[in-house]
Structures are given as structure tokens and as C-alpha cells.
Amino acid sequence: MSADDTHGTATMTIESTKMTRLLGTSFALALALVVTGCPSDDGTGDDEIGETDDTTDDTTEETSEDTTSEEDTTSEEDTTSEEETTTGEDPFSFADNDPSEYAQVDRMGMPAVNTAVITSKDEYNADNPESDINGDYVDEIIANVTALHVALDDDLLGFSLTPCVAADCVAQAGPLVIPDTLTLDLEAAAGFPNGRGLEDPVMDVTLAVVLLDLNVHELTTLVGVLNPEANDVPFQSDFPYLADPN
Amino acid sequence: MKRTITPLLGLGAVMLAVSFVPGTATGADHTDSPSASADPAADISDFYAWHDGGGNLVLALNFAGLTGAGGSATYDGELLYGIHVDRDEDGVSDHDFWVRFGQNGGGDWGVQVIGLPGEEAFSGPVEEVLTSPGGSMVYAGLREDPFFFDFDGFLATLDTGTVMFNPMNDSFAGTNVTSIVIETDALAVGDGSSVIDIWATSSRL
């Protein structure tokens, strides 16, 4: 169903203490589907920083009169990127601080996850998908999905829609929202939840996954029922695709 | 601004006015946290990633949502935008795109992208389609908000516990975002992995 099914194919080793704490009882099956990462290699974190360092070093080396911070520089002898932009006269000056010097304010993968099913919002935004896979937010996601159903199931039934029961909802939604990333299979057809395109009706699809019994309904059952089916203005056929501003 | 919400499919007769304050609500990631909402330049409204079937990967990171018609883009030199690619499903980034804004002596804004596959840092003016030496494309600037969603109805539903969406209401019609759009080689980003997990971050110095 979702692109995140690919996560399920990897056999995983689960840290037993963490999982035992999280599992409780009735959500065991669901969580087996939810927590699918392999908490193994941390080497990539170093690579990541190394990558950035290399870039910074390279560019720094190329500057003749290097200064330590970009605030100190004026428009002529400047840091990193000016050699790319300058074809002469008035180069742009960019901060060249290492990414580790910045404090993460926000993050986003899937649409509306934080808004709809996360309680510890600031902490979540400062965190990363590795923590999602680790199960750090599973409890509050389950609590919020459950609360949505307590509130909305009567309405759904009133519209002749079949809500999913709690464990099924978590099993359906878990792979979609954990980890909170867009999963893109480059060899499969594009279209949410395989990546996210500008024209994809992401909210109605996501709401169907969270709210409806997908043994009864389609992923697209709510499209155009709850929300608009398309943007108010057409997108551009060429890069950068988004329409001109209002 | 106040907007009137009509209940889904005409159920009930309840009309609810929802406070909808421009500048504090943004896109699919809206009201995601108090800290992010207080910092529009850092408040990611939406993130898109798709492949076009022709070998290209397109990434679009939007922020500073609900900028009104005729408004200006939001550039901040102390922010670092990241687009992260996990190639082995462990939640740890294996490749980062880093994007910054900076000014020249004349006060014009430029955008810099680090991490285009196989390329050095690449930069150029905002509000222009830029093509890197390696053939990637970059754009940063004000765009129409591509997100379509009855956000008013969503909030009302969460607030009231009653399904109150209106498919005729696109809460983001007529508004703008500041957008960073990158188009680059999909296989190079995957680097041997055909399935990748992608997410966006904003960070402040």
C-alpha cells in the first residue's frame, strides 16, 4: 500500500528493553510494522559531518585572505562561495559555520504529522528520524490517533464510512508516519505516498490512512470529500514548477 | 481574519468561526510547534520530493507561509536549511543538501547550495532559475503556496471533535511562501539505492 512497505522488508533487530517498554500488549503487531529500522550503523553521522567539513575546507582553502567569521568580511575578500558567484564585482557572502553550530528549529517529512499526532512538538522538531525509528514518539502517536477516533468515529459512521479499529489504524498509519520522512522509490510510479508531488492530495490520503478501514475503503476515498482536489491555480510545467506569487 | 466553516456534507447546522492569523499558520506543517511558528524564516510549511520519470529528483522546501499577495520573500542569513537523504533506512542522513541565503555589498540576496552531487558549493541570485556547472537547477524566491487544504476545517475538526471540512475551501489560496527548489540527478542522489527517505530541516545560528 505505502512506499514505506519497503521498510518492512528489512529484517530487523530490535532493542529488547526499549521495545518491551513500548510494546504494551495490544499494539504488538502494529508496532512490529511500525518500528522497522535497523539501529545499527552510526558511521553515517560522521560521514555526514565529514562531507560538510570537506566542502568547507575546500572552499576555505581557496580563499586567499581568510577570516574567521563572515561578519568580519566585507564584500571583497570573503568566505566560501564568492568565487562561484563572482564573475566580478559584487559577490554574495554566506555564513560558513559548520552545521553543528546551528540549532535545529523545525523538521518535516510527511505532511501534518507533527500538527496532527505529536504532542511534544518542539522536542519533535529538534529531533531526527533515527529517534522516530527508535520508537521515541510511538506512545504519543498512538494516544493521538486513538483520541481522533474517539472524537470522530461517530461522524464517520454517520457518513457511511467505516473507521479502522485502533490497532488496525496504527498498523496502517505507522509505516506512513514513522519515520517522519518522505519515502521515494525511484523505480516505482511517482505519487504520494511514493514521495510527494505538488498536485498530490496528500491530506485526504493521509486522513484516510489514519481514520478509515482500508479493507473497506480506498486510499482515495476521502479525496475531494474533505478537502479541495487541486490547487487554486495551475502549476508550471517547467522548473521551478510552483506558480508565480500572488 | 475570520473565516466561516461549514460542516462536512452539510451535517448539522453548526457554523464555527476559526481564528486564522496570517503569519502564524503555515501549510501542512502548520502549528507544528510554538518555537517554529515564532520564527517564520525557520518555519517549514511544506516539503515535497518527487521523481519525474526522466531521471530527475525535484526537491521543494517552503517556509514563511501565508505571506500575503504582493508581499516579500523571507531571507535570513543566519538560517541553515537542510534536505537530508537516508539511503539505508536507518533514519541517519547519508547525504545532505545545505542551503543558505547571503547578501552582496549592494544588499541583494543570493542563495547557496552545498551538496549538489559531485559539485562544489553553488550559488547565485535569488528569484532566478540557476543552472549549476553539473546541470542541476536551483531556484529560491517567493512563489504561490502550492499546498491545498481546508486548514480551517482541519483545525475546527481537531477543536470540536466533529468532522468539519469544506472541500470548497483552500485555506492557502491567494497566499505565498518562500521556496527553495532543487532539481538534480536522481540516481546520483540515490547512489546505488533505489529507495530513499528524505526530510527537511531548518536550523538557526
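What percentage of the 246 residues of chain A count as buried? The figure is 41%. This is a predicted model.

**Chain A overall**
- Chain A has eleven helices and two strands.
- Along the sequence, these elements follow the pattern α-α-α-α-α-β-α-α-α-α-α-β-α.

- Two packed helices are described by the angle between their axes and the distance between the axes.
- In chain A, take helix α9 (residues 138–158) and helix α10 (residues 166–177).
- Their axes come within 10 Å and cross at roughly 125°.
- The crossing of α9(A) and α10(A) is right-handed.
- On the α9(A) side, the contact is made by A:I141, A:I142, A:V145, A:T146 and A:H149.
- On the α10(A) side, A:A166, A:C169, A:V170, A:A173 and A:V177 make the contact.
- Sorted by class, this contact of α9(A) with α10(A) has eight nonpolar residues, two polar ones and no charged ones.

**A sheet in chain B**
- Five strands of chain B form an open sheet, and their order is β3-β4-β11-β10-β9.
- The pairing in this sheet is antiparallel.
- β3 (44–51) and β9 (130–131) of chain B are the edge strands, and each pairs on one side only.
- β3(B) pairs with strand β4 (residues 56–67) of chain B over seven bridges, in the antiparallel sense.
- B:Y48 stands opposite B:A60 in β4(B).

**Where chain A meets chain B**
- Chain A gives 89 residues to the contact, and chain B gives 89 residues.
- On the side of chain A that touches chain B, helix α4 (residues 43–62) of chain A gives the most, with eight residues.
- By class, that side of chain A has 38 nonpolar, 30 polar and 21 charged residues.
- Strands also link the two chains: four bridges join strand β2 (residues 182–185) of chain A to strand β12 (residues 195–204) of chain B.
- These two strands, β2 of chain A and β12 of chain B, run antiparallel.
- A:L182 stands opposite B:I198 in β12(B).

How values were computed. Residues numbered from 1 in each chain as written. Chains lettered and ligands numbered in written order. Predicted model: local features only at pLDDT ≥ 70, side-chain atom pairs only at ≥ 80, totals over all residues. Axes fitted to C-alpha atoms, helices over the stretch in contact; angles between N-to-C directions. Left-handed = near helix turned anticlockwise from the far one by under 90°. Contact = placed C-beta atoms within 7 Å. Nonpolar A, V, L, I, M, F, W, Y, C, P; charged D, E, K, R; others polar. Pairing = 2+ DSSP bridges. Buried ≥ 20, exposed ≤ 12 C-beta atoms within 10 Å, placed from the backbone.
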